[in-house]
Amino acid sequence: MLQIRKAPIAAGMLFILIFPWAADRIPGIDHYPDVMIFAGIYCLITIGLSLLMGYAGQISLGHAAFYGIGAYVSGILTTRYGFDPWLCMPIGALAAAAVAVAVGAPSLRLRGHYLAMATLAFGVIVNIFFREQRQWTGGPDGMTGIPGLSLFSFEFDSILSYYYLVWGIVAAAFFFTIALIQSPVGRALRAIHTSEPAAAAMGIPIARYKIFVFAFSAMLASLAGSLYAHYMNFINPGTFDLFFSIKLVIMMALGGMHSIWGALVGAVLVAFLSLEWLHFFEQFEILIYGAILLLVTIFLPEGLAGLPAKLLERARRPS
Amino acid sequence: MTNGPLLVIEDLVMSFGGLTALMNIQLRVARGTIKAVIGPNGAGKTTLFNIITGVLSPTEGHIHFTGRAISGLKAHQIAALGISRTFQTVELFTNMTVLENVMVGRHLRINSSFFGCGLALPHIRRQERRLRAQAMEILDFIGLADKSRLLAENLPLGERKILEIGRALATDPLLLCLDEPAAGLNETETEAAARLIQAIKEQGITVLLVEHDMKVIMNISDEITVLNYGEKIAEGTPVHIQNHPQVIEAYLGDGTII
Ligand SMILES: Nc1ncnc2c1ncn2[C@@H]1O[C@H](COP(=O)(O)OP(=O)(O)OP(=O)(O)O)[C@@H](O)[C@H]1O
Ligand SMILES: [Mg+2]
């Protein structure tokens, strides 16, 4: 039976709660809460991707585009039309979902990995749009002056407040997703993953489920993009390019595609790798990601989330 | 139309490229009966099931279920109308428990709204408890209640076949299509399967049965249709079929088919 155990959730929540406090007291890592904000933003995207990859069995190579749609909807509507930033988030998410349905529906009705190809092309086109539509997006230079978030008179303008805001939203998305996995929807998705003919014979509309999961993952990516824009107050197309889509796939592979825990672990690790630990490799960074992807696929096909079970099995088996 | 046949197939043709798997098939299944479809390997029996259940679209012909044209509908739409099935090559949800497999079978009868489920709303949680109870009832009926927590992939073949029937029953079908439910079973298991099929009929569910085990066929079917190389060569009661010269020839070429 698919049971999400409570202990790791409690431990994870405690870790997130006290992390800023602890980091502040350890020399050299007192800026880590800032990195964790980006990690949380990535987690929002990978939570959706874990449903898409692990349950619907589909790969997206264009989620940076949905991330960008959220960021640019927030940027454009706030700076040009004076929209409230909070209102931009659902608008961006709905726009991303609509685009996802339009892009995903034709390929998700077919069996096989057509979605990967469709999203690859889509991601590239959207990035070109961000670069070329200067009057809307500011072109390659991007846009500045995107307002921060505030609630009543409280401004989320410190790292600490934004950290808790982002991770609060990650927690909500996490709990929504695990409730979904344990519900009839999750069972239907697992059924589709194991046997499409049998799932269809039970009356499960396979294409509709896949499209819905894809749209849901696009909404989460868009929400992440909005959070990014209101945190940075500045966006440019480089953040939402093909390389970021690939980084998302690396997060999933590293953490493990079949587990929501893997999605979180992969996102946090890649956030630290790209923002902290691999900085000084500069243009060689991409080679290191390639090596990571290769090593994980060969030695840890279940990702880091599969590691505990693997170690446990090795410990049990007398050598 | 409540008194007419449950399923009517007219002038059905199915071609795969150059191969005609079914030729001009007419078939009627009366309500509340067990109708058997038999024939040598490659006769087109599974193909017929795949067409009825919407896995394949027929090249030509019409299919009416409860008076409604269903050819061209998708598999999940046909399931929603009340046709359920098992697969010749068992297609269980192997990484789920026995209980969960049956719960998936209830999919059509429950609320599975995305947001209700994601928010774990009270009515969804109540439904989940009800669903477990219903699935347990079905496991009781098919005799697998004590295995409810096992993973489906860990069941022996005989029980996997029975579980597949249970999962199909969970959809509350009007018509249940069983593709070789006794294949690979030993004698006791085969007898148990035959008893289960009769019990299903007694619940008022119509059964369309493909099977090679002639003892099962002759004992439980009300009417038998014989296919050979995609053509219907005979139809009638078990006694009629047993003595049909063309059937005997198609099967063995000598005097016995049992
Ligand atoms: N999808 C398909 N594409 C091409 N040919 C097919 C397809 N499905 C079935 N056939 C062919 O159609 C014919 C009938 O096959 P079918 O599986 O219906 O036979 P069957 O009566 O179920 O046989 P068995 O008793 O062995 O299960 C066979 O010649 C088979 O090779
Ligand atoms: Mg067959």
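Modeller: Gladly! Let's begin with Leu49(A), which lies in helix H2 (residues 32–55) of chain A; helices (H or I, at least four residues) and strands (E, at least two) are DSSP runs, numbered from the N terminus. This is a predicted model, where local features need pLDDT of at least 70, side-chain atom pairs count only at pLDDT 80 or more, and totals for chains, interfaces and linings use all residues. Residues are numbered from 1 along each chain as its sequence is written, chains are lettered from A and ligands numbered from 1 in the order in which they are written, and side-chain values use heavy atoms, with hydrogens and water left out.

Biologist: Why is Leu49(A) called buried?

Modeller: Buried means under 20% relative accessible area, exposed over 50%, and partly exposed in between (1.4 Å probe, protein chains only). Leu49(A) has a relative accessible area of 1%, so it counts as buried.

Biologist: What does Leu49(A) touch?

Modeller: Contact means heavy atoms within 4.5 Å. Not counting residues up to four places away in sequence, Leu49(A) touches Gly54(A), Ser60(A), His63(A), Ser217(A), Leu248(A) and Met252(A).

Biologist: And what makes Ser74(A) count as buried?

Modeller: Its relative accessibility is 0%, so Ser74(A) counts as buried. Ser74(A) is found in helix H3 (residues 63–81) of chain A. Leaving aside neighbours within four places in sequence, Ser74(A) is in contact with Cys88(A), Ser226(A), Ala229(A) and His230(A).

Biologist: Stepping back, why is chain A called as compact as a globular protein of its length?

Modeller: The secondary structure of chain A comes to 14 helices and four strands. Its radius of gyration is 20 Å, close to the 20 Å that the globule rule gives for 319 residues, so chain A is as compact as a globular protein of that length. The radius is taken over C-alpha atoms, and the rule is 2.2 Å times the number of residues to the power 0.38. Of the 319 residues of chain A, 54% count as buried.

Biologist: What makes E1 and E4 of chain B a pair?

Modeller: Five bridges join strand E1 (residues 7–16) to strand E4 (residues 60–65) of chain B, and these strands run antiparallel. That sets five bridges against a requirement of at least two. In E4(B), His62(B) is the bridge partner of Glu10(B).

Biologist: Which residues coordinate the magnesium ion?

Modeller: Thr46(B) (OG1) and Gln88(B) (OE1) coordinate the magnesium ion (ligand 2), at 1.9 to 2.1 Å. Thr46(B) sits in helix H1 (residues 45–52) of chain B and Gln88(B) in the loop between E6 and helix H3 (98–105) of chain B, 42 residues apart. Donors are N, O and S atoms within 2.8 Å of the metal (3.2 Å for Na, K and Ca); water is not among the atoms, so sites may look incomplete.

Biologist: Why are these two residues called partly exposed?

Modeller: Thr46(B) has a relative accessible area of 26%, so it is partly exposed. Gln88(B), with 36%, is partly exposed too.
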